[in-house]
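The following exercises are to be worked with the sequence and the coordinates at hand. Each task is followed by a solution in steps.

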Amino acid sequence: MKFTQLVALSFALTCLSFSAYAQGKPAPKDAVLYFVWPQNGATIKGGFWCRFGLRNMGVTHAGDNYPNSGHHHLLIDVAESLDPNEPIAQDKSHVHFGAGQTEARIELPPGKHTLQLVLGDANHYPFNPPVVSDKITVTIR
Amino acid sequence: MAEIRGIKSGRVGEPPRDPAPRRLAAIVAGDIAGYSRLMQMDEEGTHSRVKRIERDLIEPSILEHHGRLVKTTGDGFIAIFDSPVEAVRCSIVIQQNLVGRNASLPRHSWIEYRIGVNLGDVIIETDDVYGDGVNVASRLEGIADPGQVYISGGIYEQIKHKLVCGYESLGDRKVKNITDPVRVYRVLPDPSAFHRNRKRRENILIFLLSLALLAIAGGVLWYMLIQPHGKMGDQASAPPSQAAPQSQPAPAAAPTQQQQAAPSPQPSPAAKQPSPLTQPASPAAPVIAPSIPAASVHEPEMITLRGGSFAMGSNEDNSEKPIHQVMIKPFAIGRFPISVREWNECAAAKACGFVATGKDDAPVTNVSWSDAKQYVAWLAQAARKAYRLATEAEWEYAARAGTQTKYWWGDQFQSGMANCKNCSDIPAAEQPTKVGSFKPNPFGLYDMGGGVDQWVEDCWHRNYQGAPADGSAWVESQCPSHVIRSGSWKNDARYARPSNRDSYDTEVRYPTHGFRVALSP
């Protein structure tokens, strides 16, 4: 009885570690993803250039499998937490920069908005551990 | 002052001697199709039903739309409106209400109106209206099919950007006793009206081509016996060469000479055959040009659309504005998105960049716009036909299928109609599901909304300011991102709207992105 339980447990753990291994490339612990502009709490009139900063990792095209490099994703007003086992979603609030862009012209309706950056690997999965920026809030007048 | 007024009022009392006033008006002429037949069947019943329709429906509808009922005849009516928009709107209201009234009755006792609308300078008297404009309106009504609204070019010009519904150009028509031909448009207010009419025309084609189909089926059976390849797929994406013998078992006795006859109609892209085989339940199946195995390539199943004018865009999102009228030329579009099986034929020919994994009849995913272009280039070359990606306007025209509602089935979302997030019972783990798992739209197309995102030819533009109106692709050289349509199984219901649009980097693959092909005639 105890033996079968142990076998089941070890099997489950193996599966878990395997799935964790399958998704997401490893990222250096000291990687930092941040907004160069705008700063948290900024008030902006109209459209703006959003500039992405990344330290201790490189930016490359989506699909390119170089170690320690990925591409940017900008999350606009996203409340759900990031699922590390799924590709980063693609819709109007998850903007992808698979061509290796490090800045983008953003136009948002007036009001308060949150912005967050997530670095994705060649297959759009978050890194392990996830490389994400602080979630900042901007106000559009 | 008082005297003058007295003199004037004295004049007014006399019968008016001025010529009858002329004015510009939108004239609506309607009459009942098969009135004599209905009267013969049940004179009193029909009469009282017609009177009731006039009292309860036609008169109030005209008043509501600020028109005036000029006269009613036994089986028809003539009304005038100051505004062409109101005139057409009123006609649509009348036709749609009649559909409801007829729904509970047997087919032979339906009361169906034919309605013609024309803009003209007319002479208006209290109980009648005269002029060329009236004659044209009643001629339009004469050529209209029951349940339809036909409008003249003059009306169309006035309403095309104002009234949100589909218009199909029927070209210039010569009408009785009118010297100049009249440009005629058919109004497509809802999908059911569209399909009813279309089906009628298809029936003629089906009869004409059923013989040809039998002959081909014989040849195909022979082909299958010699070269048994592939399973007798029940997948709708299976090429008709496999599906045909299922329902048309031709006598195996005389296959050899039929085989000679079979290939002749095949290479012609104009050879349209009805396909009651793969989709018997589809009510609106338009003309279908099934794929024919040329040398070894399996062409996708295509649906030929006649084209016409439609209002593209919506006010739901800034990217979908402004709503603008677009003229679509006839073209064919894939019934399903390209499947893994179809993609891998291209990969096997070393013409596509990678071998797709997943179930054979699932839509191919993780393709970039450039990958999709490689596939269509290979298909066009292998099949020697003008296969290409659809333009954005063609995609929306096909997705709307004659409707102007938020979704093709109406303004409200219904679960189980499209494969989107929280829209169906299919678990996320089994995605993407095989092509054609959900209901087809009135054009018989599957997965136009939800399922996989679909690349189109156009470069991305933030909105429709400056978009072409002729249905062509809106492109510049070397654009960094292209348009994706349809939304995927990972997006919510808003993304499954036919007017929804989004963009993605041209060279980048993403796990929800696929495509379908189009074909120029």
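**Exercise 1. Overall composition of chain B**

What percentage of the 521 residues in chain B do buried residues make up? Describe also the secondary structure and the contacts of this chain.

*Solution.* The coordinates are those of a predicted model. Step one: buried residues account for 46% of chain B. Step two: the secondary structure of chain B consists of 12 helices and 19 strands. Step three: among contacts in chain B with a separation of 6 or more, 70% join residues 24 or more positions apart.

**Exercise 2. Confidence**

*Solution.* Step one: chain B has a mean pLDDT of 80, and 78% of its residues reach 70 or more. Step four: where pLDDT is low, predicted coordinates should not be read in detail. Step five: for the model as a whole, the ipTM is 0.84 and the pTM is 0.57.

**Exercise 3. The nonpolar cores**

Identify the residues with the most contacts inside the largest nonpolar core, and trace the surroundings of one of them.

*Solution.* Step one: the largest nonpolar core comprises 64 residues, and I333(B), L389(B) and A398(B) have the most contacts inside it. Step two: helix α11 of chain B (residues 369–383) supplies the largest share of this core, 6 residues. Step three: with neighbours within four places in sequence left aside, the contacts of L389(B) include A372(B), K373(B), V376(B), W455(B) and F515(B). Step four: a second, separate core has 47 residues, among them V28(B), V88(B), V129(B) and A137(B).

**Exercise 4. Helix α12 of chain B**

How many of the 9 residues in helix α12 of chain B are buried?

*Solution.* Step one: helix α12 spans residues 392–400 of chain B, and 9 of its 9 residues are buried. Step two: the buried residues include E392(B), E394(B), W395(B), A398(B) and R400(B). Step three: α12(B) is followed by A401(B), which has a positive phi, near 50°.

**Exercise 5. Chain A and the interface**

*Solution.* Step one: 3 strands of chain A form an open antiparallel sheet in the order β1-β3-β7. Step two: β1 (32–37) and β7 (103–106) of chain A each have a single partner strand, so one side of each is left without a neighbour in the sheet. Step three: the twist from one strand to the next averages 30°. Step four: β1(A) pairs with β3 (residues 48–55) of chain A over 5 bridges, and R55(A) is the bridge partner of V32(A). Step five: at the interface, 13 residues of chain B are in contact with 11 residues of chain A. Step six: the chain B side has 6 nonpolar, 2 polar and 5 charged residues.

Conventions. Residues numbered from 1 in each chain as written. Chains lettered and ligands numbered in written order. Predicted model: local features only at pLDDT ≥ 70, side-chain atom pairs only at ≥ 80, totals over all residues. Core = buried A, V, L, I, M, F, W, Y, C linked by C-beta atoms within 7 Å. Buried ≥ 20, exposed ≤ 12 C-beta atoms within 10 Å, placed from the backbone. Helix = DSSP H or I, 4+ residues; strand = E, 2+ residues; numbered from the N terminus. Contact = placed C-beta atoms within 7 Å. Nonpolar A, V, L, I, M, F, W, Y, C, P; charged D, E, K, R; others polar. pLDDT = per-residue confidence, 0-100. Pairing = 2+ DSSP bridges. Axes fitted to C-alpha atoms, helices over the stretch in contact; angles between N-to-C directions.
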